[in-house]
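Have the viewer open as you read.

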Number of protein chains: 2
Amino acid sequence: MRSAQLIGLISILLLATASNAQQPAAPMMGFAPDRAAEQREREAEFDAKLSAENLRGWMRRLSARPHPVGSFYGHENAQYMAALFREWGYSVRVEEYEVLFPTPKTRLLEMTAPERFAPRLAEPPLPEDSTSGQIDEQLPGYHAYSIDGDVTGEVVYVNYGVPMDYEELERRGISVEGKIALARYGGSWRGIKPKVAAERGAIGCIIYSDPRDDGYFQGDVYPKGAYRMEHGIQRGSVADMPLYPGDPLTPGIGATSDAERLPIAEAPTLTKIPVMPISYADALPILRALEGPVAPESWRGALPITYHLGPGPAIVHLKVEFSWDIVTAFNVIARTEGSERPEQWIVRGNHHDAWVNGAADPISGMVALMEEARAVGELARAGWRPKRTIVYCAWDAEEPGLLGSTEWVERHAAELGDKAAVYINTDGSGRGFLNAGGSHTLEAFINEVARDVRDPQVGGSVFERARARDLVNAAPAEREKIRARRDNPIAALGSGSDYTPFLQHLGIASLNLGFGGESGGGSYHSAYDSFDHYTRFGDPDFQYGVALAQVCGRATMRLADADALPFEFAALAETIGGYVEEVEKLADDMRRETEQTNRLIAEGAFVKAADPTQAGKAPAIRAPVPHLNFAPLENALERLRRAAKDYQAAAERRSGAESSMGVEVRSALDAMLYKTERALTREEGLPVRPWFKHYIYAPGFYTGYGVKTLPAVREAIEQREWSAIDANVQKTAQAICSASVGNGIFGRRG
Amino acid sequence: MRSAQLIGLISILLLATASNAQQPAAPMMGFAPDRAAEQREREAEFDAKLSAENLRGWMRRLSARPHPVGSFYGHENAQYMAALFREWGYSVRVEEYEVLFPTPKTRLLEMTAPERFAPRLAEPPLPEDSTSGQIDEQLPGYHAYSIDGDVTGEVVYVNYGVPMDYEELERRGISVEGKIALARYGGSWRGIKPKVAAERGAIGCIIYSDPRDDGYFQGDVYPKGAYRMEHGIQRGSVADMPLYPGDPLTPGIGATSDAERLPIAEAPTLTKIPVMPISYADALPILRALEGPVAPESWRGALPITYHLGPGPAIVHLKVEFSWDIVTAFNVIARTEGSERPEQWIVRGNHHDAWVNGAADPISGMVALMEEARAVGELARAGWRPKRTIVYCAWDAEEPGLLGSTEWVERHAAELGDKAAVYINTDGSGRGFLNAGGSHTLEAFINEVARDVRDPQVGGSVFERARARDLVNAAPAEREKIRARRDNPIAALGSGSDYTPFLQHLGIASLNLGFGGESGGGSYHSAYDSFDHYTRFGDPDFQYGVALAQVCGRATMRLADADALPFEFAALAETIGGYVEEVEKLADDMRRETEQTNRLIAEGAFVKAADPTQAGKAPAIRAPVPHLNFAPLENALERLRRAAKDYQAAAERRSGAESSMGVEVRSALDAMLYKTERALTREEGLPVRPWFKHYIYAPGFYTGYGVKTLPAVREAIEQREWSAIDANVQKTAQAICSASVGNGIFGRRG
């Protein structure tokens, strides 16, 4: 059985609920009313156990020294956490994986024309930041999985370096062929920039943090304020993560010591050209030296110069060499066995490795998970045993590309595919509003949780605060739509944290949770992401850290102990309906735009509208956008809507029905519920990238972290691959269908 | 008779056209076919006479030295032009007005805290700019009609300094009461900034050019490129021009030597607080010293700092004193008498005074007018005598507030009200696209002219080029609307050049014409607006200067010699219809926004959505927006639409009908046509500002140059003066009605 079969679910519920039709509606999803009351009492106990001082102390300890994967202190941290989890009563394993993790041997960048300039390439220690001077243990500014390279060439400023930017350059007659692309951070995940630059023929790529997006334009810079100071450098991975995340040498399998590995030269996710990140102080002289056309207005940053595109006369020499080491990643896996349905797992994770000291990213989320686990452990020792198994995970090697979680998921794929009901992820978290993303089958559930957690600054629930923000910020015409919706929408997940292997590789329903919006700053992946920075500008009192433990603790405990898993399908159907509308509109808009542009080209309008003294050419005629057959999607959606509605009606009458079923039936019912998410995947995966199997959510092939929903359909349209559309629509429609109609153990309805 | 009475016009045309129904449509508006052919031949002759070298030579001469009103060289220029007009066969008068024109005695600005800083307040001479060193004759950076003052206070950054910006400050708990407002140029006419600052209690105002809007963000700065360099200062008038333009001491009457004058202390258009313009190099240390909340994102400019709002700790001392002199303005008025209808005048003007050397503003437009007048003069000497009188005007004292034109119009109001058929204005002009604004009764006419002038760079007509630009830049959904319209829309006129007294004080149908869009730069009102700058970055070959002479020459000659004046009313009705929709939508949007905001306030949503660590307060409850009665406007519009349609039908059949009428009837018909514009005015003027009499177009009371259409209605809505709305709707509706239905000499229709 592969799919979740809502129809089958409905049958069993209709049978089971007949005798319970008089009971009042349950006040907590998945719980009978009496058990819900009990659960709320437990949650009050749980809240009372949470201590902000624990979070503060652990953050101080875990961020005291740099701790990337493979480092001495990273291993120390893993052992420290493992010991704590044991102390709290968990059964703990430290799972080890052997992963490729290059670190720099040579980092050379110099401008050789029109004048010489040697960038600093380093973040100065600051007296106001007590860990910023740990130079010996810091990884300097570099990009993991850049290839080795030694290139010299003219510079072209490529804005964010996404495909659209190169189209704009092309219209101005500028190519990066044989040049070095200088891109600013933002607009896409960083790994997209060297990928696209290489596709366009560039020989090297430099990525800098423009103060417009990440520096003084946003706010006062460190140490006066929270934002990136002039020498701050954003480290990061540039592997081709949208192809597959994890260890580049072991796609699809766990990177155990005996795993079969690709030769480094054949690893497809390494960049094709050398890449290096720099600060805006280092970028300024290079950008200032560029000539050629003035950059389009939206490309201009906040440096005090006129932004030009080049190419040249700035010429830079970029040389990078790496130690291509295999290092050990340490995942800490702590488990407490379920009492009744131990073969159903609620997995809860956060990574522990950091680029440098990583107080915000990831320790702020890690310490909330730890406090949650500690309190859950105390409840368990006091006698509470949830029905399902809870697994707490502290992942290593997330920063270079979700390695710890991915290798674990790949290694345990068969077991997880069968047993993992839900994965709940956190990562760096701050102060402000609850941000929730994830599977829309869990939208109603996580909203219910958010209604039960109090905002520590303002009062009211964290649900209310997020809704108030959405209402205040919305355009007037949107506000009624927001009010009409019972729940706050949760965001679709692209990538950028450890939920990806769970959700997109295995089809495990996932949530990604965090607080933010009032703790802006520019410490991301720099040496200034420190305890000092976080306790001044992040969440100084750790009150939102505690709130995050309250949200995630509730979610974990309710999922672990519910009579029936609190999945719901109306929001899924509604949300997919919105995506279908979007892709239809995307095709229609492209059709109109293409027709109109072709007509304008034919009329010579671009020539007439252009300044003849400026270099540039009119766009080229493009093939018309055909009318596409979206009917399979519409039909699949209609089925899903009906099934969701029927399930809802059945579920509303099922209160207490659980108890009239045997454990085996209840377990099977749960499995059908959580395997609905599996039904949305296809074993063959997405076109071009079989590792990604989810047909509703994927990181964009050209956006990276940014999600593409209905990716097979949407990306084929965006990339004008008309011949692929029909097949991709069919496959996506089949995935949606298989979530609503299956042929498993309970058979068809009626 | 006060109104134009389209209905009356229709009657006479229907009578006259009966016998001419078989003739083909005329190929030129207002001309019988045979005369149209003749006119086109004349225009070809006219084109052949135009010489770019004349424009270049005159620009060199007129911009050789600074020539503001009251200067030696300004007077020299007036005499030089007068002599040329005489040489070209015109009857010339130099009309003199005695006007208030303050120039600075003391300009002191210093920052006294948190550290001392003495701004430079001067534009350095540049070796690349041969006139930039004429320091002795230059007016330094200052604002005309600032009052004298000596103030010291904390600085508040107020963005553009428009009312909306103060609402934003208020929400952050910041007041300018007793402070000095630091505003950037842009977002409104400069005179609005000290006006609003004073209304809010500020004691002084500084206006600087931010490089985001006017400097290196836009392009390379002078002398490398065309844009404002760090010390460039924008001079300008800060009189309360939306109250009335012209000499502050003689509102409504010509400032002749014997005119009755207000005491300076009672002149209502002087500022209430001292004001001074500065460069961005001078603003930077002050802005950098500000603390307090970070400015909202849209307020931040391109200086390399975090923009804060203050107040303080920056404290500045601002002291300005002026010589409050009465100086003589010299208007050059050159006339050639009409042969058949000499009592009908086509007036064509451009100003000649400049803040400094003024090569672009105003000489680029002035020399195009001169070349046009020279060629028209030659045609006249070769025997062509147009039916109507042509008056060429070179205005003085436009820069301090349209003084030359306004005093002339006020002095000759009675005669102009009777005789002036059309006013055609130009001012600084550049390279690129034809920009046309004006009375929509002339929209079809000026489009016809634009179809007959060839673009000098790209070929095709200047009409086609402007349309191509509009199509290329439009959103896809807007393109079909553009294509569906035969003519390019002309812009409604606010203020900012000498058409204002003609159009908005007397109701004379006006056009404002110029080229631009490819000659961007930052020389405006600086010492670098020079021959050197203009011939590098403006219109180096004066080919668009010649094109401007072709457009304006055609317009002037056709208007002067047409059988019937080429007015048309369908575009007027359509355009006013658009304005009516806009004000209805404005009220509806405000009603919804007010309702929603009040509800959000009541729910506490603003408190929940705000960061409690940031100062700020929720907006206050506002009175609900009542439902307004727009029916009078709709009814008036419906009448205008019908009348315009009937007139159109009659006009299409009238070809040749002119010749069957006597000259007196033809003259009366013309007068009815051009007095349609008078019908759109009301003698009492607009609420609060009786000088402005046009009920369709006015400069905004809080935007300055920016137009407000249907101003009595629109501004009452914007300012939430609900009790004034009904009366203002009525008056506006009456004005629209009186343009379509009159009770004049031809009586009512039917």
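In this predicted model, the C-alpha centres of domain 1 and domain 2 of chain A are 26 Å apart. Where those two domains meet, domain 1 of chain A puts in 26 residues and domain 2 of chain A puts in 23 residues. On the domain 1 side, the elements giving two or more residues are α18 (570-603), α21 (663-674), α22 (676-679), β14 (697-699) and β15 (707-709) of chain A. α21(A) gives the most to that side, with four residues. Sorted by class, the domain 1 side has 13 nonpolar, nine polar and four charged residues.

As for the bounds, domain 1 of chain A is made of two stretches, 6-25 and 569-740. Domain 2 of chain A likewise comes as 60-99 plus 327-561, while domain 3 of chain A is 101-325.

**The two chains**

Next, the contact between the chains. Chain A and chain B each bring 34 residues to it. On the chain A side, α13 (462-473), α14 (476-484), α18 and α19 (605-609) each give two or more residues. The largest share, six residues, comes from α13(A).

**Inside the fold**

Nonpolar side chains tend to be buried together in soluble globular proteins. Here, the largest nonpolar core has 440 residues, and A:L182, A:V551 and B:V551 have the most contacts inside it. Helix α9 (residues 359-381) of chain A supplies the largest share of this core, twelve residues. What does B:V551 touch, if you leave aside neighbours within four places in sequence? Its contacts are B:L434, B:V449, B:A450, B:V453, B:V462 and B:L513.

β7(A) pairs with strand β5 (residues 204-208) of chain A in the parallel sense, over four bridges, and A:I207 has A:P277 as its bridge partner. In chain B, B:V275 and B:P277 point one way from β7, B:M276 and B:I278 point the other way, and all are buried. Four bridges join the parallel strands β5 and β7 of chain B, with B:C205 bridged to B:V275.

Helix α7 (residues 280-289) of chain B is mostly covered as well, with seven of its ten residues buried. Those are B:Y280, B:D282, B:A283, B:L284, B:I286, B:L287 and B:A289. They pack against β1 (91-113), β3 (149-157), β4 (180-184), β5, β7 and β8 (315-336) of chain B.

Back in chain A, A:H317 sits in strand β8 (residues 315-336). Is A:H317 buried or partly exposed? A:H317 counts as partly exposed because it has 16 C-beta neighbours inside 10 Å. Its contacts beyond four places in sequence are A:L108, A:E110, A:T112 and A:T152. A:E110 is 207 residues away from A:H317 in sequence, yet the two are 5.3 Å apart, C-alpha to C-alpha.

Most residues other than glycine have a negative phi, and most peptide bonds are trans. The spots below go against that.

| Spot | Backbone value |
|---|---|
| A:D361 to A:P362, cis | omega near 15° |
| B:G312 to B:P313, cis | omega about 0° |
| B:F542, positive phi | phi about 55° |
| B:V688, positive phi | phi about 75° |

A:P362 lies in helix α9 of chain A, whereas B:P313 is in the loop between α7 and β8 of chain B. B:F542 falls in the loop between α15 (531-538) and α16 (543-561) of chain B, and B:F542 is buried because 29 other C-beta atoms lie within 10 Å. For B:V688, the place is a loop that runs up to β14 (697-699) of chain B. With 12 other C-beta atoms within 10 Å, B:V688 is exposed.

Conventions. Residues numbered from 1 in each chain as written. Chains lettered and ligands numbered in written order. Predicted model: local features only at pLDDT ≥ 70, side-chain atom pairs only at ≥ 80, totals over all residues. Domains from an automatic or database assignment. Contact = placed C-beta atoms within 7 Å. Nonpolar A, V, L, I, M, F, W, Y, C, P; charged D, E, K, R; others polar. Pairing = 2+ DSSP bridges. Core = buried A, V, L, I, M, F, W, Y, C linked by C-beta atoms within 7 Å. Buried ≥ 20, exposed ≤ 12 C-beta atoms within 10 Å, placed from the backbone.
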